[in-house]
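Welcome to a short tour of a protein model. Please have the sequence and the 3D view open as you read, and follow along one region at a time.

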Amino acid sequence: MKKDTLLTHVARDPAKYQGMVNTPVYRTSTVIYPDLGSYEARGGDDYKKVRYGLYGTPTTFALEEAIAKMEGGHAAVVVPSGLAAIAAPLAAFLKTGDHLLVVDSVYGPTRTFCDRHLKPNGVEVEYYDPRIGAGIDKLLRTNTRAVFCESPGSLTFEMQDIPAIAAAARARGVPVLADTTWGTPYFFRPFEHGIDVSIHAGTKYINGHSDVLLGAIVTNERCWKTVRKTVAEYGYCVSPDDCYMALRGFRTIGVRMKHQMASALAIARWLQARPEVKRVIFPALEGDAGHALWKRDFEGAASLFSFIFNPVRPAAVTAFIDALELFGIGSSWGGFESLAIVARAEGQRTATKWDPGGPMIRLHIGLEDPDDLIADLERGFAKLKSVV
Ligand SMILES: *Cc1c(COP(=O)(O)O)cnc(C)c1O
C-alpha cells in the first residue's frame, strides 16, 4: 500500500464499532470484569488491551497504531506533550553514572530537561556538533547509554548524518533517540535510518490544527518494553478526546504536508531573491548546507524554516514582524496557519558556535495561498525599510 492509502485505512475497524468510520471516543478510568478470574488475568505487560484508563482505550490504541504503522515502527505510545515524549525515553535509558550524547542544536526545552533533571541526578550530559556524523564514534564511551539526535534542528535547521551516527552507536549497542517532529511520519522513515526511538511533538503536524498538545514515542522492537513501561510508571496518559482529535488531524497530514511544503519552497525562493535577506536556511533548498543529507534521507520537507536579515537595527526587525497581518506571532508550528517569530539560537549552544551574522526569523508556512503570504511579507519589508 502507498502511504496515502495507508493513512486513510490504517487503524480503522468499522465492523467492531457498529459500522462507524472512526473509532469512537471511549472515556473511562475503571474497566470492570465479569468475574474475579478474568480480573486477575487482565494484566501483564501487554499494553494493547484495555484494562485501566491510564494504559489506554480503543481511542488511544487507534491513534498509536496509526502513527506506528505510518512510520514503520514496532509500536507507539502517546503522552501528554512533545516534551513528555522527550523526557520519558531519556528517563527510561539513563541512570546515575551513565553518559548521554545530545546534539548541540537540540530543541531548547530538551536541553533544559537534560541540564536540570539528568545532570543533577548524576548523568553525564555531553553536547556534540550537529555535523559530527561518523565522528560520534570518538565520543562514545563504555558508559554511554543513549545518543540523542534532532535533524534538522527546529531553529537553525542544521542536518545530521543520522545513518552514520546510528551505525556507530549500533556497533556499540547504544540506542539512538531522535526528535523527528520536523520530518513527520509522512516524510521521514526513522527505522530505515537506524533510529531506535522516534520522538514526535504530535502537537505540530500530526494533530495539525493548533488545538491539542500531544507527544508520540515510536520504537523498534528492541526498545519497546523499556520505553512503554517507563511511560506507564510515570503515569503519563492522554485523554481519549485529545487522541480522537489528533487522529482526525493525522488522517489529512499527507495533503497538508504536500501543500505546505510547496508553499514553503515558493516563499523560501522568493525570500532568497530579496536584497534584505542574507540567507535562507531550509534543507529543501538546493545550495543549503544540509540539502544533500535531506535529499538522501527524507521524502519531503516540513514548512518550517528560517531566514537571516542583512544587518539591521533591532527596531527594524520588530517593525517587520509587527507589520505582518496573516502570520501569527507565537510559539509552536505545524498547524494550518502561518507563524513568524524572531529565532534566538545564539545563547543555546555549548559545544559549537552559532553566529548567523544578522537577525534570524523563523517562519511556519500554513495552508493560506502562498501569494497572499508573499504579499504579507512584502508589507513587512516595506515597514522594515521605513525604519532603517
Ligand atoms: C514543539 C516541539 C517539541 C515539544 O512539543 P510540545 O508538545 O510543545 O511539548 C519538541 N520538539 C520539537 C522539535 C518541537 O518543535
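## Cysteines

The sulfur of Cys-237 is 8.6 Å from the closest cysteine sulfur, that of Cys-243, which is too far for a bond. Cys-237 is partly exposed, with a relative accessible area of 36%; buried means under 20%, exposed over 50% and partly exposed in between (1.4 Å probe, protein chains only). This is a predicted model, where local features need pLDDT of at least 70 and side-chain atom pairs count only at pLDDT 80 or more, while totals for chains, interfaces and linings use all residues. Residues are numbered from 1 along each chain as its sequence is written, and side-chain values use heavy atoms, leaving out hydrogens and water.

How many disulfides does a search of the whole structure find? The search finds zero, a disulfide being a pair of cysteine sulfur atoms within 2.5 Å. Cys-223 is in no disulfide either, and its nearest cysteine sulfur, in Cys-149, is 13 Å away. Cys-223 is buried, at a relative accessible area of 3%.

## Two helices in contact

Next, look at helix α3 (residues 58–71) and helix α9 (residues 240–250), which pack at an angle of about 35 degrees with their axes 8 Å apart. Axes are lines fitted to C-alpha atoms, for helices over the stretch in contact, and angles run from 0 to 180 degrees between N-to-C directions. Helices (H or I, at least four residues) and strands (E, at least two) are DSSP runs, numbered from the N terminus.

Contact means heavy atoms within 4.5 Å. On the α3 side the contact residues include Leu-63, Ala-66 and Ile-67, and on the α9 side they include Cys-243, Tyr-244 and Leu-247. The contact residues divide into eleven nonpolar, two polar and no charged; Ala, Val, Leu, Ile, Met, Phe, Trp, Tyr, Cys and Pro count as nonpolar, Asp, Glu, Lys and Arg as charged, and the others, Gly among them, as polar.

## The sheet and its helices

Now find the open sheet of four strands, in the order β8-β9-β11-β10, with antiparallel pairing. Strands pair if DSSP finds at least two bridges between them. β8 (277–281) and β10 (339–342) are at the edges with a single partner strand each, so one side of each has no neighbour in the sheet.

β10 is joined by four bridges to the antiparallel strand β11 (residues 360–364), and Val-342 has Ile-361 in β11 as its bridge partner. Helix α10 (residues 253–272) packs on the sheet, touching β8, β9 (304–309) and β11. Helix α12 (residues 314–323) lies across β9, β10 and β11, at about 165 degrees to β10.
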